[in-house]
Each structure stands twice: as C-alpha cells, then as structure tokens.
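Please load the model in a viewer and keep the selection panel at hand. The stops below are meant to be followed in order.

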Amino acid sequence: MHHHLQAKPPTLEGLAIYEFDERSDSGNRKVYAALPLVFVYSPHPKKEIAMSSAVYEKLKKCESCIRQVTDFIPKVAIVLGSGLGDYADTIRVTAQIPYGDIEGFPVSTVPGHDGRFIFGYVGDVPVVCMKGRVHYYEGYPISDVVLPIRLMKLLGAEFLFLTNASGGVNTSFHAGDLMLLTDHISCFAPNPLIGANIEELGTRFPDMSHVYDPGLQEIIKTVAAEQRIFLQQGVYAQLTGPSFETPAEIRMLRTLGCDAVGMSTAVEAVAAAHMGMRICGISCVCNLAAGMTASPLSHREVQAAADEAAPRFKKLVTEAVKHFGEIR
Ligand code: HPA
C-alpha cells in the first residue's frame with residue numbers, strides 16, 4: 001500500500017490538512033487527515049517532507065524576529081544549564097530577548113529555567129547565551145527542542161558551548177564534579193534529524209565521529225589545569241526524563257560505557273554537528289545516580305550541588321570562551 005501525500009494550506013488554526021492517495025489491492029481512494037503543524041515522528045516519509053520544511057520556515061521566522069531587535073553577530077553560542085543560571089552576570093550585555101517575544105519559539109516550563117537570549121561579550125568575544133533551554137520531557141517535539149541551537153547558528157555562532165547538570169554513573173565520580181564531554185549516547189532520545197533532511201542546514205547522514213571538538217577539549221583541559229579546577233571527563237548519555245533513572249537503568253548505562261546521565265544536551269549536539277558547529281560540553285555532576293547512594297534523588301539536591309559548583313563552572317566557561325575567541 002502506498003501513500004501519496006500533498007500538504008495543503010492549513011484551514012484550521014494549528015492544523016494542516018493532508019490528502020493521501022491510498023492504493024490497495026481493492027483500488028484507489030482518497031484519505032484526508034488533519035495534523036498539528038508541529039513535527040511528530042511519522043512512519044510516512046512524505047508527511048515528514050512537508051513538516052521538515054515547516055521546521056525550517058519556523059526557524060527562519062524566529063531568525064527574522066531576532067533580527068528586528070538586534071544585528072549582533074555572536075561567535076560562540078553558550079547554553080546555560082542548571083547552576084549556570086546567573087552566568088549572565090559575567091557577560092557585558094548588549095541585548096536581551098525573552099523567548100516569549102520570539103514567534104513560535106518554545107518556552108520552558110521548568111522552575112529555575114527562566115528563558116531568554118542574552119547577547120554580549122565574554123572578554124572581547126561576542127556570544128549569544130541561552131538562559132534556560134527547553135527539554136524534550138516538557139512535551140515539545142524534538143525539532144522544537146533543537147530549534148534554539150539551529151537559530152544561534154543562523155545568527156552567526158560557529159562555536160557551541162553546552163552545559164548541563166547530570167547524575168554521575170561512573171563510580172569514581174563525586175557530587176559537584178565537573179565533567180568534560182568527550183562523547184555522548186543520544187539514542188535513548190529521538191534523533192532531531194528525523195524527517196526529510198533540511199538541506200539548508202546540513203547533509204542527510206552527518207558524521208558523528210568527533211561531535212565534541214578535540215581542539216576545544218584540549219583548550220578546556222588546559223584552562224582547567226591553569227585555574228586549578230578539577231575536571232573529570234567522559235561520555236554523557238541523554239535519557240528523556242522527566243523521571244530520574246532506576247538503579248537497573250544506571251547499571252545498564254554503566255555497562256554501555258556512560259559516565260554521566262542527564263535529560264538534555266546530546267540532541268542539541270546532534271543538531272549542531274549536523275550544521276558543522278564546533279562543539280564542546282561540560283556537565284556538572286550534581287549527584288551520584290540512582291542506586292549509587294542511600295539517598296533518594298530530588299531536583300532540590302541537584303540544584304544545591306549545581307549552586308555549589310557554580311563559581312568553578314563559571315570561571316572555566318569564561319576562560320575557555322576567551323580562548324575560543326582567539327581561534328581563526
Ligand atoms: N539523572 C538524570 N538527570 C539528572 C540527574 C540524574 O541523576 N541529576 C541531574 N540531572
């Protein structure tokens with residue numbers, strides 16, 4: 001059975017009407033379906049073609065929204081995870097845009113994830129900073145989760161600095177450790193590149209051999225040594241959340257070679273790698289993961305550990321970004 005599909009202009013708000021020619025042994029017939037305009041994974045490739053161009057259109061619309069407010073061209077895009085929320089204080093700010101002011105932009109619902117873009121300078125380096133990110137567990141389609149990353153690249157950012165809070169899976173880690181991401185496991189979350197490839201952004205089958213730029217990793221390790229900031233390194237696994245993992249899931253992740261687990265970052269890195277960005281990531285290991293200690297996990301505990309690590313974390317990010325400014 002084949003589905004031939006043609007997107008028609010939306011006739012109901014937020015819905016697109018699709019027309020299918022369904023061919024079966026008993027003949028042809030037309031089938032109609034109303035689909036939300038957001039991207040949902042679909043086993044029908046042609047549906048995704050229509051939707052991927054919608055993803056790109058939304059992105060371009062967000063870009064023009066921002067360009068009405070500022071002509072700032074960032075070099076480095078920084079995503080602030082839990083604990084780096086007040087990092088913006090260290091930026092010489094030139095413009096701020098609340099996510100809510102950007103048409104179609106996903107707005108976070110997690111307390112402590114106040115959402116806006118901050119444009120300004122770290123040292124002499126022009127940066128765009130995401131204060132707050134959206135997570136897949138909030139219910140957004142994965143294309144919306146990575147939209148901000150794509151947007152920052154369209155605005156000019158060639159470098160991406162990802163930060164997050166995670167649970168330690170490696171038994172030698174301690175709560176409060178910072179971990180440099182050397183690689184990730186993203187395949188427990190949906191791949192943000194599913195759907196027709198957006199040719200304007202990158203190729204269909206992008207290489208993921210060096211998602212986290214080896215040169216940037218070296219810079220971060222050097223800076224950490226200079227600043228006497230203890231830095232672990234390892235593989236970050238993204239699970240969808242929002243529930244924390246079970247002890248069995250943590251044992252599974254350890255067997256698979258994960259050192260830390262969280263609910264963000266890897267899908268963002270995949271979207272950024274697709275666009276050829278130079279990526280680095282640091283995770284604040286806020287707790288040892290489920291089953292590794294006697295205490296149950298709580299968001300408050302995670303936040304408290306993130307707050308304790310914040311001064312070190314900020315220093316490391318700032319000094320590394322200054323060095324990135326010297327590249328090319
Ligand atoms: N698991 C998943 N995400 C997290 C954790 C954890 O233990 N801690 C902070 N973010």
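This is a predicted model: local features need pLDDT of at least 70, side-chain atom pairs count only at pLDDT 80 or more; totals for chains, interfaces and linings use all residues.

**Stop 1: the ligand**

Begin by selecting the ligand together with the residues around it: Ala165, Ser166, Gly167, Phe244, Glu245, Val261, Gly262, Met263, Asn287, Leu297 and Val302. Within this set, turn next to the nitrogen atoms of the ligand. Which distance separates a polar side-chain atom of Asn287 from a nitrogen atom of the ligand? The value is 2.6 Å. For Glu245, a polar side-chain atom lies 2.8 Å from a ligand nitrogen. Ser166 contributes through its backbone: an N or O atom there is placed 3.4 Å from a nitrogen atom of the ligand.

**Stop 2: helix 2 and helix 5**

Two packed helices are described by the angle between their axes and the distance between the axes. Select residues 142-154, which form helix 2, and residues 266-274, which form helix 5; the two pack at about 55 degrees, and their axes are 9 Å apart. The pair is therefore oblique, and helix 2 passes helix 5 in a right-handed crossing. To display the contact, show the side chains of Ile142, Val145, Val146, Ile149 and Arg150 on helix 2, then those of Val267, Glu268, Ala271, Ala272 and His274 on helix 5. Colouring these residues by class gives 7 nonpolar, 1 polar and 2 charged.

**Stop 3: helix 3 and helix 6**

Now select residues 214-226 (helix 3) and residues 299-324 (helix 6). Here the packing angle is about 130 degrees, with the axes 9 Å apart. That angle makes helix 3 oblique to helix 6, and helix 3 passes helix 6 in a right-handed crossing. Which residues make the contact? On helix 3 they are Leu216, Ile219, Ile220, Val223, Ala224 and Glu226; on helix 6 they are Leu316, Glu319, Ala320, His323 and Phe324. By class, this contact comprises 8 nonpolar, 1 polar and 2 charged residues.

**Stop 4: Arg228**

From helix 3, proceed to Arg228, in the loop between helix 3 and strand 10.

**Stop 5: Gly241 and Pro242**

Finally, centre the view on Pro242, in the loop between strand 10 (231-238) and helix 4 (247-255). Is the peptide bond from Gly241 to Pro242 cis or trans? The bond is cis, and its omega is near 5 degrees.

Technical notes
Residues are numbered from 1 along each chain as its sequence is written. Side-chain values use heavy atoms; hydrogens and water are left out. Axes are lines fitted to C-alpha atoms, for helices over the stretch in contact, and angles run from 0 to 180 degrees between N-to-C directions. Helices (H or I, at least four residues) and strands (E, at least two) are DSSP runs, numbered from the N terminus. Angles under 35 degrees count as roughly parallel, over 145 as roughly antiparallel, 65 to 115 as roughly perpendicular and the rest as oblique. A crossing is left-handed if the near helix is turned anticlockwise from the far one by less than a right angle, and right-handed if clockwise. Contact means heavy atoms within 4.5 Å. Ala, Val, Leu, Ile, Met, Phe, Trp, Tyr, Cys and Pro count as nonpolar, Asp, Glu, Lys and Arg as charged, and the others, Gly among them, as polar. A residue is near a molecule or strand if one of its heavy atoms lies within 4 Å of it. A polar contact is a pair of N or O atoms within 3.5 Å; within protein, one must be able to donate a hydrogen and the other to accept it, and residues adjacent in sequence count only if both atoms are side-chain atoms.
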